[in-house]
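Here's a quick briefing to read with the model open beside you.

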Amino acid sequence: MDQKEVLLEQMITCHEQKNWFVPLTVALEGVSADQAMWKEGDSNSIWEIVNHLTFWNERYLKFFKGGPLPQGKVVNDDTFDLSKVNDSNKEWVAAVSHLCNIMSEWIAVVKESDQDKLYSIAHIESGTSWSSMIANFNTHNAYHIGQIVQIRKIQGIWDSSAGVN
């Protein structure tokens, strides 16, 4: 298995295929807008995590596809922002769909990319390759998927038959 195949397997596992952990689609299945907005203490809500994942995955997908990386400092806490969100189920479904579409598009563009693209430098200052960036994104996505499952467990809305006790 080459590096591209490993990255794709990780992406697919994070997005929609059960493996050692549940994918995003399973972690979010059946969550209502009210449940997605729920939070305990100063932890993030499921919806805030979805916004955060959408921000970072979309930002770097555009850059990977040849668009410019927006300039300016990003305040990571701001990527969780819900200030422009109401708690309607329609808006929640749209937010989940948007993130899933971004993750599907990542899979498609990596499938279409050649090894030269994956080994090319993504971040000039650090010298980080695209393959390293994508591997880190996969780890980042998996981390937050675990948070979503944990929040659901705290809420009492997680069915352990979905894959995690």
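Let's start with helix H4, which is mostly covered: 15 of its 19 residues are buried. Keep in mind that this is a predicted model. The protein chain averages a pLDDT of 90, and 97% of the residues score at least 70.

**Helix H4 and what comes after**
- H4 takes in residues 46-64 and reaches 27 Å from its first C-alpha to its last, close to the 27 Å expected at 1.5 Å a residue.
- After H4 comes Gly66, with a positive phi near 105°.
- Lys84 sits in the loop between H4 and helix H5 (89-112).
- With a relative accessibility of 75%, Lys84 counts as exposed.
- If you go from Lys84 to Ser160, you cover 76 residues in sequence and 33 Å in space, C-alpha to C-alpha.

**Confidence by element**
- Among the elements of the protein chain, helix H2 (residues 24-28) has the highest mean pLDDT, at 96.

**Nonpolar cores**
- The largest nonpolar core has 28 residues, and the ones touching the most other members are Leu24, Leu28, Ile46 and Trp92.
- H2, helix H3 (33-37), H4, H5 and helix H7 (130-155) each put at least two residues into this core.
- H5 gives the most, with 6 residues.
- There's also a second, separate core of 19 residues, with Met11, Trp106, Val109 and Met133 among its members.
- Back to Ile46: setting aside neighbours within four places in sequence, its contacts include Leu28, Val31, Trp38 and Trp92.
- Ile46 also touches Ile148, Ile151, Arg152 and Gln155, among others.

**His144**
- You'll find His144 in helix H7.
- His144 counts as buried because its relative accessibility is 5%, and the cut-off for buried is under 20%.
- Leaving out neighbours within four places in sequence, His144 is in contact with Ile49, His52, Leu53 and Phe80.

**Aromatic rings**
- The count of aromatic pairs comes to 10.
- Trp106 and Phe137 make up a tilted pair, 6.1 Å centre to centre with 40° between the planes.
- This pair links distant parts of the chain: Trp106 belongs to helix H5 and Phe137 to helix H7, 31 residues apart.
- Trp106 and Phe137 are both buried.
- One aromatic cluster is formed by Phe55, Trp56, Tyr60, Phe63, Phe64, Trp106, Trp130 and Phe137.

**Cysteines**
- How many disulfides does a search of the whole structure find? The search turns up 0.
- Cys14 is in no disulfide, and the nearest cysteine sulfur, that of Cys100, is 12 Å away.
- A disulfide needs two cysteine sulfurs within 2.5 Å, so at 12 Å from the sulfur of Cys14, Cys100 is in no disulfide either.
- Both cysteines are tucked away: Cys14 is buried at a relative accessible area of 2%, and Cys100 is buried at 14%.

Technical notes: Residues are numbered from 1 along each chain as its sequence is written. This is a predicted model: local features need pLDDT of at least 70, side-chain atom pairs count only at pLDDT 80 or more; totals for chains, interfaces and linings use all residues. Side-chain values use heavy atoms; hydrogens and water are left out. Buried means under 20% relative accessible area, exposed over 50%, partly exposed in between (1.4 Å probe, protein chains only). pLDDT is the predictor's confidence in each residue, from 0 to 100. Helices (H or I, at least four residues) and strands (E, at least two) are DSSP runs, numbered from the N terminus. The expected span of a helix is 1.5 Å times one less than its number of residues. A nonpolar core is a set of buried Ala, Val, Leu, Ile, Met, Phe, Trp, Tyr and Cys residues joined through side-chain atoms within 4.5 Å. Contact means heavy atoms within 4.5 Å. Rings of Phe, Tyr and Trp (its six-membered ring) pair if their centres lie within 6.5 Å; planes under 30 degrees apart count as stacked, over 60 as edge-to-face and the rest as tilted.
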